[in-house]
Structures are given as structure tokens and as C-alpha cells.
Amino acid sequence: MNDKVALSKWCNKTVTEKIFYALQILVTIFIIFVGSLQIFDVWDKAINVLELLLGVEMILMFLQYRKYSKVTAYTFLGVAILIFCSGLVILISQVL
């Protein structure tokens, strides 16, 4: 059996991978919550927090996939950097 298949099996994951997975679920819940605040106009600046949470989500995915697929992992890292940079540009433009 190929080791890349082990990504989907919970019993084959290390404790660190299980922690990353749990953190990813928590961040996803926060993303849904903050996104709903933005959609329903409860919090007008929620999109700034949402972008940073998406970046954290991508970094967690990078940490999970780096053992199994380097191309996928570095794609997640590149997207996370892009998200953080765009979030910083938006925050700086709102301050100025």
C-alpha cells in the first residue's frame, strides 16, 4: 500500500498531525462564524479577520500535507503568503 494513502487514515496519523487536524476544524468553524457575521452585516470589518483566518487555515494545511505531497503543501504555503500579503495591503490602505 502506498504511504500517500495514509493521509486519510486516522489511526496512522501522529499526535502532531491529529493536533493540526483539530486546529484546522476549529479555524474552519471560526471562518464560518466570522463569514456569517460579514454576510449578515453584524460586523462590518469582519472580512479583515476572515482573510487572516484563511491564511492560518492554509498554513495548517501546509503543515499537514508537507509529509505526503510536497507540491500540494507548497501550493498551500504560497496561497497562505498571498492571503497574508493581500490582508496586510488592505489593512494598511484602510489605516491610511
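Which residues does Glu17 touch, not counting residues up to four places away in sequence?

1. Glu17 touches Asn12, Gln64, Lys67 and Tyr68 on that count, a contact being heavy atoms within 4.5 Å. This is a predicted model, in which local features need pLDDT of at least 70, side-chain atom pairs count only at pLDDT 80 or more, and totals for chains, interfaces and linings use all residues. Residues are numbered from 1 along each chain as its sequence is written, and side-chain values use heavy atoms, with hydrogens and water left out.

2. Glu17 lies in helix H1; helices are DSSP runs of H or I, at least four residues, numbered from the N terminus. Glu17 counts as buried because its relative accessibility is 8%, where buried means under 20% relative accessible area (1.4 Å probe, protein chains only). Between Glu17 and Gln64 the C-alpha to C-alpha separation is 6.2 Å, although they are 47 residues apart in sequence.

3. Gln64 is also among the buried residues of H2, as are Asn48, Glu51 and Glu57. Cover for the buried residues of H2 includes H1 and helix H3 (70–95).

4. Leu50 touches Ile31, Val34 and Gly35, leaving aside residues up to four places away in sequence.

Definitions and conventions
Helices (H or I, at least four residues) and strands (E, at least two) are DSSP runs, numbered from the N terminus. Buried means under 20% relative accessible area, exposed over 50%, partly exposed in between (1.4 Å probe, protein chains only).
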